[in-house]
Amino acid sequence: MKPIVLDRPATVRLTVLPPLALYVHIPWCVRKCPYCDFNSHERKGPLPEEAYVERLLTDLEALLPSIWGRRVVSVFIGGGTPSLFAPSSIERLLSGVRARVPLDPGAEVTLEANPGTVERARFAGFRDAGINRISVGVQSFDDGMLQALGRIHSAGDAQRAIEAALEALGNVNVDIMYGLPGQSLVQARRDIEAALATGAPHLSAYQLTIEPNTVFWSRPPALPVDDAVADMQRTVEDLLAGAGFEHYETSAFARPGHRCRHNLNYWEFGDYLGIGAGAHGKVSFPDRVTRHERIRQPAEYLQKDTLAAEKVVPARELPFEFMLNALRLVEGFPLALFQERTGLPFSVVQREIDRAEADGLVERDLQRIRPSERGRLFLNDLLGRFIGAERKDPR
Ligand code: SF4
C-alpha cells in the first residue's frame, strides 16, 4: 500500500478553530479489571479528592493561555471510576472549571459511573453538582460474564444503578461488551435485550479485545472465534436498529437526539483540553495543531508540574489523525470538514479517497464521504491508507 505523500512545504492554515471540549481523568478504581489498559489504578485507602481537584484546576489554569476567548462546549469526567468521588468534590471541580473557562450554557457534562460505587442519593448529588449525563459501565447483565471480566458488580447492581441514573438525570449511556470469554450468541443477544429494557437512550457496544499490559494479555481467556464475534456484532446492530436506535459511530448507538456530543467532537476532529493523570488533549491554532499529555502516575501527578509532553502534530500526520476519527462515523464527514479541521487542502487525500472508493471502502456524494459497509468491516485497512510518508516530508 502506497502511503500519502505531502508536497513540501505542507502548510497548515486553519481559518476557523474547532469546537473545544474538556476531558477530566480520575484514575482510581476499586479494583483493576483484567482486560483494562486504561490509566486506572486500584484504590488503596481514602482518595485524595481535595488535593486532586486542586491539581486538576491548576492544570486547567496552565492551559488557559492556549485557549483565550474560546468557550467549552462539553465536559467529560472519565476514568478510572469518577463516581468514587463524592458529589461535593465534583461540585468543587465544576465550579472551578466554570470560574476559569466560559462553559456553554447548554454544555453536555458527562460523568462515568460504575455500578457498585453509586446509590440513588449519589446520582442526585452529581446532578445538583452540574452533571447532566451519566455513562454507566455495565459490560454485561450476566453474573457469570461479570465474574469472568473481574467486575465488582452484579447484574442486579447494574439494573439498580441504571434505574437510579435514569431517575436522577434521564440522559444515560450504558456500556456493554460482547465477544466475552465463553460467550454464546444467545448470551450476547440477551445482554443487548437487557440493556434495551432499561430504557437508557444511549448504548455503547464494544467488542472485548485483549490489550498488552493487561492480565488477559499474559493469561488469555478462551474467546469466541472471529466468525462468532462477527455474528454477535451483526446481532447487536440489528437489535438496536430494530429498537429505533441510530448507529452513528462504530460502537455508539443512540435514540434520536441523544448522540454523545462530547465524543462526536473527538470524531469530528474537534479540540479538547485533557486534565488529570495521563489525560491527553488537542488544541488547534491558526497555523498548527498541538497535542498535550499529562503525567500518568497519580502519586507523581499530585506532586509536580503535570505536563508530560506537548508537541505540534506534524502536517504529514494530520490526514491519518483526521481519518482515524472521522471514518468511525457511520455517516462520515462533510468534505469541507477535512480542510477546516486539519488546515490542509483536500487534495492531499484526494488520491487515496479515489482509490478507497474504487476498492469499495468509502462512498461519497457531492457533500459527504462515508465508510461503506465493507469499509467499516475493514476499517484498519482503510485507515492505513492515510498514514503519512515520513521520508518525503521530514518535519
Ligand atoms: S472499572 Fe473501568 S477503568 Fe476501572 S479497571 Fe475496570 S475497566 Fe478499567
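Residues are numbered from 1 along each chain as its sequence is written, and side-chain values use heavy atoms, with hydrogens and water left out. Because the model is predicted, local features need pLDDT of at least 70 and side-chain atom pairs count only at pLDDT 80 or more, while totals for chains, interfaces and linings use all residues.

The mean pLDDT (the predictor's confidence in each residue, from 0 to 100) is 94 for the protein, and 96% of its residues reach 70 or more. Over residues 389–395 the pLDDT is below 50, although this stretch has 17 contacts in the model beyond near neighbours in sequence; contact means heavy atoms within 4.5 Å. Where pLDDT is low, the predicted coordinates should not be read in detail.

The ligand is surrounded by C29, R31, K32, C33, Y35, C36, F38, S40, G80, T81, N114 and R151. Buried here means under 20% relative accessible area and exposed over 50%, with partly exposed in between (1.4 Å probe, protein chains only). The structure holds 0 disulfides, a disulfide being a pair of cysteine sulfur atoms within 2.5 Å.

G80 lies in the loop between β4 (72–79) and α2 (87–100). Helices (H or I, at least four residues) and strands (E, at least two) are DSSP runs, numbered from the N terminus. Both G79 and G80 are touched by E112, which also touches F76, I77, G78, P82, S83 and S135, not counting residues up to four places away in sequence. E112 itself is placed in strand β5 (residues 103–113). E112 and S135 are 23 residues apart in sequence, and their C-alpha atoms are 4.7 Å apart in space.

A195 lies in helix α6 (residues 185–198) and is buried, with a relative accessible area of 0%. Leaving out residues up to four places away in sequence, A195 touches F141, V174, I176 and L203. A195 and Q139, which are 56 residues apart in sequence, have a C-alpha to C-alpha distance of 9.8 Å.

N213 is found in the loop between β8 (202–207) and α7 (215–218), and F269 in the loop between α9 (261–267) and β11 (271–275). N213 is exposed, with a relative accessible area of 76%, whereas F269 is buried, at 1%.

In helix α12 (residues 335–342), L337, F338, R341 and T342 are buried. These four cover an arc of only 105 degrees around the axis and therefore lie on the same side of α12; the arc is that of the directions from the helix axis to the C-beta atoms. An α-helix has 3.6 residues a turn, so residues three or four places apart point the same way. The buried residues of α12 pack against β13 (288–294), α11 (318–326), β15 (333–334) and α13 (347–358). The helix is followed by G343, which has a positive phi near 75 degrees.

Within α12, F338 has a relative accessible area of 0% and is buried. Apart from neighbours within four places in sequence, F338 is in contact with P319, F322, M323, F333, G343, L344, P345, F346, V348 and V349. The C-alpha atoms of F338 and F269 are separated by 8.9 Å, with the two residues 69 residues apart along the chain. V349, one of the contacts of F338, is placed in helix α13 and counts as buried at 0% relative accessibility. V349 and F386 are 37 residues apart along the chain, and their C-alpha atoms are separated by 7.4 Å.

Terms used:
Near = heavy atom within 4 Å.
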